[in-house]
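Open the model in your viewer and keep the selection panel at hand.

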Amino acid sequence: MSSFSMASKGHNQLLDYLKIKLLNSPEWVISICVFLIYWIVNKPYTGPTVLNDEIGYLVNAALISGHIIDGANSYHAGYSFFLAPLFLIFSEPSQIWQAVMVLNAFIWALSFFMLARILKALVPEYKKEKLLVALLISAIYPAWITMSGYVFATTAFVFVFLLAILALLFWQPEKSWTIVPHSFLAGYLYWIHPIGLAVCIASVVVVGAASLRERRYLPAILNIL
C-alpha cells in the first residue's frame, strides 16, 4: 500500500507540475493544439493535389534520400531536405504522404512556439494573456492550416524565417561569431524558395547598419559571406 501511495503521490505531483508549466507557458498549449488540429484536419488527404509544386519538392526529397530519379526540376531543395528522411524511413507512397502531414503539423507547432519566444523578447512587458491572444490569432489564420496540408515550401519558409529572427535577437555585436546562426538561416531561406533573397537583402541591411552603429565591422562581413 505504501508503494502505491508513493506512486500516486508522485503521479499527482507530476500532474501539478505540468499544469503549472502549461499555465505559465501558454506557447506550449498553443503549439500542441496547432500540431493536433493541423494534422487532424489534413489527415484525410491522401496525396498531392497541386502537382507542379508538390511533386517538385517530393522528387527533390526522394533524390536527396538516395532514390534514382529520371528527371530534374527547378524547385529549390531547402524544403526537400526536411522531407528526405521520410523517404528513408517509409517505402509506400501513402505512408510517406501521411508522414509529411505529421511533419508539416509538427513544423507549424514549432513555428508558433518560436513566435511566442520572439514576442516575449520584443515585448517583455506584455502580459501572458496578450501573448496568448496574439498566438491564437496567428494560429487560426486559414492560410497556415491550409498550407500544412500541401507539400508547399511555405511550411519550411515560415519556420526558418522565425528561427532566423530568433537567432538575430541573440546576436551580440561584441561577439562577432554570434551572427553566424542568423546568417546561415537567412541564406537557407533562399534554398527553400527564391523569395528568400528578399530576406537576405534585409538581413545585410539590418546587420550592416547595426555593425556601423557599433563600429564593429566583422559581423557585417561574416553575415555577407
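Which residues lie nearest the centre of the largest pocket? Select L119, V123, Y126, K127 and L131, which lie nearest its centre among the 11 lining residues. This is a predicted model, in which local features need pLDDT of at least 70, side-chain atom pairs count only at pLDDT 80 or more, and totals for chains, interfaces and linings use all residues. Residues are numbered from 1 along each chain as its sequence is written, and side-chain values use heavy atoms, with hydrogens and water left out.

A pocket here is an open set of points on a 1 Å grid over the protein atoms alone, where a 1.4 Å probe fits, with protein on both sides within 12 Å along at least five of seven lines; lining residues have an atom within 4 Å of a point. The largest pocket holds about 160 Å³ of space, a volume being the space filled by probe spheres set on the points.

Next, colour α5 (93–122) and α6 (128–139), each of which supplies at least two lining residues. Helices are DSSP runs (H or I, at least four residues), numbered from the N terminus. The largest share, 4 residues, comes from α6.

Finally, show the side chains of the contact (heavy atoms within 4.5 Å): Y79, F82, L83, L86 and F87 of α4 against I96, A99, V100, L103, N104 and I107 of α5.
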